[in-house]
Amino acid sequence: MTAPQSQQSASTCEPSSLIELHFLGQPAPQGSKVLTKWGGMREVSAKVQPWRASVQYACAEQYKGPVITEPVAVEITFVRPRAKNHWSTAKGKEDQLLPSAPQHCTVGGDLDKLTRGLLDPLTTRCGGNVLEDDSLVVSLRVGKRYGTKNESAGASCKIRIIS
């Protein structure tokens, strides 16, 4: 399955440009560190590096424009899969949620750490090709939700230049 192409033109970044990026995989929270036995620091979660690599690859595939060097507004939605016990097992009702299933997603990491794990790999400093630096983000809207029955885990990100 290929991800949708960005609406960004490859030649210029207009102030009203909207860049839409879609990432598949399990979003990983970045930020919690642990001291190694050699005195160095490493991420607690082993899922951070694969997630960051997935984001960088998707950016390279979806975004062909120049590196953004202007202030941006970013909107991110993380999608988590529902647990199997949220769904009905009754014959013919497998696509229906149980009344006891939670409405809001409260699992899968803190939003601030999930956001860090997505914004950093967008930057050139971390091997990305979209933003010069994540300090260019001056407006941020972030949420997480459970996916539908057949929806893949991942994230969507909308970036708008606001200068």
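Visitor: Which residues does Leu 118 touch, not counting residues up to four places away in sequence?

Guide: Leu 118 touches Phe 23, Trp 51, Val 55, Ile 76, Phe 78, Ala 155 and Cys 157. A contact means heavy atoms within 4.5 Å. This is a predicted model, in which local features need pLDDT of at least 70, side-chain atom pairs count only at pLDDT 80 or more, and totals for chains, interfaces and linings use all residues. Residues are numbered from 1 along each chain as its sequence is written, and side-chain values use heavy atoms, with hydrogens and water left out.

Visitor: What is the mean pLDDT of the chain?

Guide: pLDDT is the predictor's confidence in each residue, from 0 to 100. The chain's mean is 85, and 88% of its residues reach 70 or more. Over residues 1–15 the pLDDT is below 50, although this stretch has 33 contacts in the model beyond near neighbours in sequence. Where pLDDT is low, the predicted coordinates should not be read in detail.

Visitor: Why is a set of residues called a nonpolar core?

Guide: The name applies because its members are buried Ala, Val, Leu, Ile, Met, Phe, Trp, Tyr and Cys residues joined through side-chain atoms within 4.5 Å. Buried means under 20% relative accessible area, exposed over 50%, and partly exposed in between (1.4 Å probe, protein chains only). The largest such core here has 26 residues, and Leu 118 is among those with the most contacts inside it. Helix 1 gives the most to this core, with 5 residues.

Visitor: What makes strand 4 and strand 5 a pair?

Guide: Helices (H or I, at least four residues) and strands (E, at least two) are DSSP runs, numbered from the N terminus. Two strands pair if DSSP finds at least two bridges between them. Strand 4 (residues 72–80) and strand 5 (residues 137–146) are joined by 9 bridges and run parallel, so they meet the requirement of at least two. Within this pair, Phe 78 stands opposite Lys 144.
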